[in-house]
Amino acid sequence: MKFIKDIFDKNKPAFEKGGKFEKLMPLFETFETLFFVPDHVTPAKGAQIRDAIDLKRMMMTVIIAMIPSLVFGIWNVGYQHALATGQAMDFGQQIWLGTLVVLPIVIVSYASGLTVEFIFGIRKGHALNEGFLVSGMLIPLVVPPTIPLWQVAIATVFAVLIGKEVFGGTGMNIFNVALTARAFLYFAYPSQISGNVWTYLGDKNPVDGYTGSTILAIANEASVTKSGSVVEVLANSNTIISADFFSFTNMFLGFIPGSIGETSTLMVLIGAVILIATGVGSWKIITGVFAGAYLTALMFNMIGANGFMLMPAHYHLVIGGLAFGAVFMATDPVTATQTERGKWIYGILIGILTIVIRVFNPAYPEGIMLAILLMNAFAPLIDFYIVKANKQRRIQRATV
Amino acid sequence: MSHTLKLKKGFDINLSGKAEKKLAACDQPKTFALKPTDFVGIQRPKVMVAVGDTVKAGTPLLFCKMMEEVKYCAPVSGEIIEIKRGDKRKLLEIIILADKEIVSEPYKKFSAAEIQQAEKSELVNLMINSGVWPNIIQRPYGVVANPADTPKSIFVSTFDTSPLAADISFVLKGEEKFFQAGIDMLKKLTPGKVNIGVNADVSQDTFSRINNAEIHPVSGKHPAGNVGVQIHHIDPIAKGDLVWTVSAYGVAQIGKLFLEGKYDASKVIALAGSEVKNPQYYKTYTGACINKFVEQNVTGDEVRFVSGNVLTGEKIKSDGYLGFYHQQVTVIPEGTHSEFLGWILPTTKKLSFHRAFGLLSFMNGNKKEYVVDTNMMGEHRAFVQTGVFEKVTPMDILPTYLIKAILAEDFDEMESLGIYEMIEEDIALCEFVDVSKNNLQQLLREGLTLIKNS
């Protein structure tokens, strides 16, 4: 590794104060620290030793937790393509096609987001914050495979700029960056993020009788037109491909159309296990979202005013982006509540709101996105009351 | 004896190089120093001696103009050889070349019974003039107490849970009589209780047999031994409250002043740390130059000498001086190295409270001892991760919010979030585990200074 170190050491003077590229020091620093943990030592007074953790490792843990979803998503893009167009493709071809579709989205997301981050880093004179490494991977996972690349770029730039940098950068933002990008796409370019966009068809035509709608859309449709119970309608959809295309097992495993990374609840749960075991994601938030959603859906089952309300509660947990949102979006420590008790409240409310939006608001079939963004806005309020209770206990103690 | 206070939160930093419980034979260092910088509260120190003066142990050397009655005294007898000043003539060290035989200023002696009967003012007067008073620390702020105040209670913690800490029972062996006399004296200073925190995990603790005080067994990981944590659970500090704290060593020193009529700054210290060849205990005096103990006794070239423990201590040179309140010298490797991909490679060797990807030290169990150097292990970042500080702070306090209030210089928030209950040592563990590498102790002190001067 000596030769890499030498390269950095040799070029460092050009970036230091007075050097030719002194303004680009943050850029240089970012790359240098990517290879080598800097030789900074603790100050003379205070803690003389520090924990081996740093933000890079923490963020990397989140990215590692996303890998199962990403890999599955890549394969599923190819697999869905094969099903929808009726072609015979082997596993390798499916992976290859998926890679060709997904990789450009990932690259565009990172390139556009990091460009904004670097510009701000250079302006403010600090090295790149690792936060975007996670956001840059989340964005491709929550968009349909057919998304135009220029839209990915615009949405990412918007999210980083308006969602994060105007608030002061990583750690200061109010709304989850990846969801801001998703919401931007949803409202700015609705036709590219709803309808039959969830399956990559390329220049091929789908087989007759194939519907590329998401389960949420089908469920909504069934509920509005009163054409039978949601489960029946789902069972009768895409029977041309397979009789149990929308069976619970298939939905849980993720062999269905949808956003790139969110279809497989199983892969998301593997990610959840990684996040919880490493302590990087809050188990309270994750459990809260699932519990809140399940109980609300159960309650709706009992009321049963329309077809969607009657859909079995456990279906809600495996369709749409609920699981993905609960595990990777709601747990963002910056935009979630920061107190431990607040995390329960925050998680449960996201779960409840998701189901409420899904069932009662046909205009927004995907409830989790709006539920999390809404609770992002309310997180400081929840914390405010938890902190207030803490202060209150202190005051009460004093008067005794 | 009240029931045991069991603390669940916290983290024991298990370092290698624990001091073996034996006293090493070693010559006394030639020089000793009094460092005004050890006392947080001293703002305008005034030196009372000049280079060339000869002093006895207990001769006043300086006082602070803000609290003139409290004198800071020489730990040993000898000649003043240097008064070291830094930038803007800031007083750094008063260095004494010690006599072979230490001679003490003679002060009035008391018997145990006489302490009970004597006038409080007479006793206090003796304490502030003889050099033992600075052992008494006032909370809030962690500054030397003002003799004119009356605290609502006094706290003494008799065990230290910080990394490689000296075993206080070992250090004060044979001093029980003085410790009891010190407690009797402290009892006279407060209308409330004198509370002693004892280690509930050790049976037959000598300190649990002390009279004239309330004994509180405490069990748990670090910082269970911190007096601030014990105060929080036993008699918390609210706005306007004054609580005094004294180290166990300080109590014995106060007792000795009355029973023997002298300021005895002799002290058993632990020399510990992964870089020490023979980690063990030494008997010396407050303010000792550490060179005699570390000479020929340290492995490795690049090491850091720390007066105090690795969480709250201060870096000193190999011929630097032991801090007034410190009972240990720790020697650890200096971390001036850049590690290739060190931020992601999996390792079981690096100690971490966290379990993020690749940090596998939790699999080693809590018996494993670690060598930790002074590397920051990362760069400073904005606050991102939440809920970690709370896991290592066994108090009903929200450290992140408190720190943010300090950063915002919001006085009301600092007060209501409990800044009065904390000093540096209480937030030190948060600083260690912090993902974003903030210097929290320094920040807390800035907040305390803001409030104190407001």
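The exercises below work through a predicted model, with a solution after each task.

Residues are numbered from 1 along each chain as its sequence is written, while chains are lettered from A and ligands numbered from 1 in the order in which they are written. In this predicted model, local features need pLDDT of at least 70 and side-chain atom pairs count only at pLDDT 80 or more, whereas totals for chains, interfaces and linings use all residues.

**Exercise 1. Chain B as a whole**

Task: Describe the make-up, extent and burial of chain B.

Solution.
- Step 1. Chain B contains 12 helices and 21 strands. Helices (H or I, at least four residues) and strands (E, at least two) are DSSP runs, numbered from the N terminus.
- Step 2. For chain B the radius of gyration is 22 Å, and the globule rule gives 22 Å for 454 residues, so chain B is as compact as a globular protein of that length. The radius is taken over C-alpha atoms, and the rule is 2.2 Å times the number of residues to the power 0.38.
- Step 3. The C-alpha trace of chain B spans about 65 × 50 × 50 Å along its principal axes.
- Step 4. Of the 454 residues in chain B, 55% are buried. Buried means that 20 or more other C-beta atoms, placed from the backbone, lie within 10 Å of the residue's own; with 12 or fewer it is exposed, and in between it is partly exposed.
- Step 5. Among contacts in chain B between residues at least 6 apart in sequence, 69% join residues at least 24 apart. A contact requires C-beta atoms, placed from the backbone, within 7 Å.

**Exercise 2. Domains of chain B**

Task: List the domains of chain B and describe where domain 1 of chain B touches domain 3 of chain B.

Solution.
- Step 1. The domain assignment of chain B gives domain 1 (5–23 + 106–260), domain 2 (31–105) and domain 3 (376–454). Such bounds come from an automatic or database domain assignment.
- Step 2. Between domain 1 and domain 3 of chain B, the C-alpha centres are 26 Å apart. Their contact takes 18 residues from domain 1 of chain B and 16 residues from domain 3 of chain B.
- Step 3. The domain 1 side of this contact in chain B has 9 nonpolar, 7 polar and 2 charged residues. Here Ala, Val, Leu, Ile, Met, Phe, Trp, Tyr, Cys and Pro count as nonpolar, Asp, Glu, Lys and Arg as charged, and the others, Gly among them, as polar.

**Exercise 3. Chain A against chain B**

Task: Which elements of chain A give two or more residues to the side that touches chain B?

Solution.
- Step 1. In the contact, 53 residues of chain A meet 64 residues of chain B.
- Step 2. The elements are α2 (25–35), β1 (36–37), α3 (55–85), α11 (265–278) and α17 (367–399) of chain A.
- Step 3. By class, the chain A side has 24 nonpolar, 17 polar and 12 charged residues.
- Step 4. Strand β1(A) pairs with strand β21 (residues 339–340) of chain B in the antiparallel sense over 2 bridges. Two strands pair if DSSP finds at least two bridges between them. F36(A) is opposite F340(B) in β21(B).

**Exercise 4. A sheet and the helix across it**

Task: Why is one side of β4 (45–47) and of β7 (67–73) of chain B left without a neighbour in the sheet?

Solution.
- Step 1. The open sheet has 3 strands in the order β4-β6-β7 (chain B), paired antiparallel.
- Step 2. β4 and β7 of chain B stand at the edges and each has a single partner strand, so one side of each has no neighbour in the sheet.
- Step 3. β4(B) is joined to β6 (residues 60–64) of chain B by 3 bridges, and V47(B) stands opposite L62(B) in β6(B).
- Step 4. Helix α2 (residues 120–130) of chain B lies across β6 and β7 of chain B, at about 60 degrees to β7(B). Axes are lines fitted to C-alpha atoms, for helices over the stretch in contact, and angles run from 0 to 180 degrees between N-to-C directions.
- Step 5. The buried residues of α2(B) include L123(B) and L126(B); β7, α4 (176–187) and α6 (248–260) of chain B are among what covers the buried residues of this helix.

**Exercise 5. Strand β18 of chain B**

Task: Is strand β18 (residues 303–307) of chain B enclosed or open, and what are its partner strands?

Solution.
- Step 1. In β18(B), 5 of the 5 residues are buried, so the strand is largely enclosed by the rest of the structure.
- Step 2. V303(B), F305(B) and S307(B) lie on one side, R304(B) and V306(B) on the other.
- Step 3. β18(B) runs antiparallel to β20 (residues 328–333) of chain B over 5 bridges, and to β19 (residues 314–316) of chain B over 3 bridges.
- Step 4. V303(B) has P333(B) as its bridge partner in β20(B), and F305(B) has I316(B) in β19(B).

Terms used. Contact = placed C-beta atoms within 7 Å.
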